[in-house]
Amino acid sequence: MIDRSKPPEPGTLREYVFPAVERRHLASGITLLTSQSGALPLVTVRAVLDAGAGAEREEEQGIAWLTASALDGGTTRRTGDELAWELERLGAQLTTWITWDALHVQFTTRSDHLDEALGLLAEIVRQPAFPPREVERMREEQLAEMLRKSTEPRALADDCAAHFIFADDATYGRPLIGVRERVKTFDAAAVRTFHTRRFTAGNCAVIVVGAVDAAAVEERVQHAFGDWDGAREAPPEPRTTARPDRTTVYLVDRASAVQSELRIGHVGLPRHHADYYPLLLLNAIVAGAFTSRLNLSLREKHGFTYGVRSNFSFRRGAGPFVIQTAVASDVTARAVQETINELDRLLTDGVTAEEVRAAGDFIAGTLPLEMQTTEQLTARIADLHTFELPTDYFSSYREQIRAVTHADVMRVAHEHLHMNRLAIVVVGNAASVENDLRALNVGPLVKQA
Amino acid sequence: MDTCKSISVIERRIDIQFERYSLPNGLRVILSRDPSAPVVGVNLWYNVGSRNERPGRTGFAHLFEHMMFQGSANVPEMAHFSLIEHVGGSLNGSTWLDRTNYYETLPAHYLELGLWLESDRLGWLLPAMTQQKLDNQRDVVKNERRWRVDNQPYGDWDERLQEMMYPEDHPYHHSVIGSMEDLDAASLEDVERFFRTYYAPNNAVLSIVGDFDDANARALVDKYFGEIPHGPDVPPIPGRTKIPARLDGEVRATVEQDISLARVYQAYRTPAYGSDDFYAALVAAAVLANGRAALLYRTLVRDRQLAQDVVAYTFPIVVGASMMVVWATARPSAQIEKVEQALTEQVQSLASVNDEDVERAIAMIVAQQLSSLQTVDERADQLSMYTTIFDDPGRINTELRRVRAVRTDDVRSFAREYLRTDNRAVLSYVPKAGS
């Protein structure tokens, strides 16, 4: 019999070496990011345009989403269907999407088809045709998607959280997909206007990751993107004013609900903030890991939920900090109370040294596990571009995480958790949860049908 | 570009090396070394799923999976999660119709930790089981059901289709998540019985993929798993497991829900995973909805603008017969009957599908499979799967040949034989009046 009573000691550490990333600024203005990696003969190519929802003008809310969809509608050289065939005959599928900070165009294919891949990527980005019929179809799909989200509790709760956390004039208070009144007026010309303004060489990064010769990529990208130019134009500064000036319960009635979707949070912080690393650890301790305080309490102790998670959405501007979970209707108020109690306890009694160490090891350790595929690595490199981080960022990241102290975590907890200004958003059956929520007395209750 | 040739060039280069052996207690072990990054995936498949549940205990295999994370004789409550997360690893488990899997991805020097944790719960789970833990996880799972099924638009589609597609005494008649009533009925005695019946080394496969020393890994597997005794023979799957690969008539249902967009599902009964015809079904589904040049996308979404989205896939399940599921979400302006009719027309048009569509579908499947092999966790899971289902881990290298062997004629005959209105269930979701 062997001794099983204690966990075994680790073996010899083999230090993880992050894939090298190279960044070049091409004469055209394009930023090129490459990383040679991967055992399989695959390559992922991505264009990152500074054309996310944050780059929209007031009257354009929703146009970035529509532009991303409409890139799929064909180019000046081929129809949408022909474009799909061209890619999919090779097993490659084009995906386009937006965040607040960027618009992304990506596909993965065989690495020895790099030239064709870059040629197609350039064609999609530079020469979209935006045929009216396709743009209008995608606009109708976008409107239908808004309708779908209005009856899907998780998406509805996410949208409500953004709405109630931010003030009416804030950039991040509405969904990425836009608002109906504006989107229904968009046509091909509107898309083309946005494209012309935001799709310039200076606003574009090209990322190439996979089994390719990084040294040879520059010339091939230059060749593919040709005479493109246009200066970098920074997007407008995001507005991030908060809505509630005191903790408020926002109850959104969904009569058919058998569970309440909860979103509890407030305005967080931008990506470029001196407290970024301590905040990552704080978040892991709150509800960013399975063994976080809230998950252990709400799930493992009380059985209120299948799981609870928290997140600081780090964007160019201050994105929201949100705790999210779904709980049975009859324990909704108790779950809200327990969440507040846990946060209060954390602020009053503090976190332990062991929690800080464990959170740091968790965050630093799991990063390599999330960089195994060309697409995962591409996603990380896209962040380097968006947030203007150095190419040796990944290796310094681990040092930065491990340098965070217990005092740092407690300081940022006190500075950046705002218990007296929480937006507590409940999407659930008002008839069964409203009285209990009122009885909590955590703040005024605002009800929305 | 010559697609088929170019895809096959990559495919020939898939050559995942592995060693396979068994312990005297019946545990099958697959080791696949890849030192390219200091990470390791540990993956266990147990050959038990919701298909093995007895009447009145639907959902139990999954509830049991939750109990496997509640500690064991030497692993304190919650330590399974904390020990792995705190060394920078990730972990989870999942239950399906045919199997239950448990896995962790770890920094390579923590391989032994993973083996200690997995062996302790396989060998010594029961001493750690308590009524309080069971009651807690029952509540967690009931909330999982609410989250996935009861509070989610279309959330019960698979539960309903399974009921429509399989006879009441077939093990796929009920869903993995099970009913609230049956979850309430689960007892500690059930936990003990289930554990003694199905959780034995002879009913499991262990795969380790990543950066490890071969001799060391073998020694560690031996050390931690070697002394767990061989279990009794696993009882046969309950119920009527042999059913024809054809239904005898169409089954229909319509559900009113609090939704904005109507959706129609069609499920066609097909031969089980592993049979030759199954690969034709796989390709047929990819012709229909894998990609933007896929048949359903270009007809229902792009051209006729009837549908908001289209999906098609074939369940890789093995008991008796499988099913291919196709669905389309209707645009607000489209009548659901029209969408269904268009869906049926396109599905049936596969009886005369052309080479180009089939080649594109195969290219998509091959590329997606290749891409998935990039992570140690996915390779470990596939090695466990192929060993559990076919007793052949080498399928990780050869399975794509079966896909590539599918000819246009195979898809046509598959469509003529199986994609018929008398061999399907049709399930429509429509917005509740007034919602």
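This is a predicted model: local features need pLDDT of at least 70, side-chain atom pairs count only at pLDDT 80 or more; totals for chains, interfaces and linings use all residues.

Q: How many bridges join β1(B) to β2(B), and which way do they run?
A: There are 4 bridges between β1(B) and β2 (residues 28-33) of chain B, and the two strands run antiparallel.

Q: What's the strand order in the sheet?
A: Going across, β1-β2-β6-β3-β5-β4 in chain B. This is an open sheet of 6 strands with mixed pairing.

Q: Which strands stand at the edges?
A: β1 (19-22) and β4 (90-95) of chain B; each has a single partner strand, so one side of each is left without a neighbour in the sheet. On average, neighbouring strands here are turned by 15° against each other, ignoring direction.

Q: And which strands does helix α2 of chain B touch?
A: Helix α2 (residues 60-67) of chain B packs on the sheet and touches β4 and β5 (100-107) of that chain. Its direction makes about 160° with that of β4(B).

Q: Switching to chain A: at what angle do α1 and α4 pack?
A: About 125°, with the axes of α1 (residues 63-70) and α4 (residues 132-150) of chain A 9 Å apart. That angle makes α1(A) oblique to α4(A).

Q: Left-handed or right-handed crossing?
A: The crossing of α1(A) and α4(A) is right-handed.

Q: Which residues make the contact?
A: From α1(A), Trp65(A), Leu66(A), Ser69(A) and Ala70(A); from α4(A), Val135(A), Met138(A), Arg139(A), Gln142(A) and Glu145(A). The contact residues of α1(A) and α4(A) divide into 5 nonpolar, 2 polar and 2 charged.

Methods
Residues are numbered from 1 along each chain as its sequence is written. Chains are lettered from A and ligands numbered from 1 in the order in which they are written. Side-chain values use heavy atoms; hydrogens and water are left out. Axes are lines fitted to C-alpha atoms, for helices over the stretch in contact, and angles run from 0 to 180 degrees between N-to-C directions. Angles under 35 degrees count as roughly parallel, over 145 as roughly antiparallel, 65 to 115 as roughly perpendicular and the rest as oblique. A crossing is left-handed if the near helix is turned anticlockwise from the far one by less than a right angle, and right-handed if clockwise. Contact means heavy atoms within 4.5 Å. Ala, Val, Leu, Ile, Met, Phe, Trp, Tyr, Cys and Pro count as nonpolar, Asp, Glu, Lys and Arg as charged, and the others, Gly among them, as polar. Two strands pair if DSSP finds at least two bridges between them.
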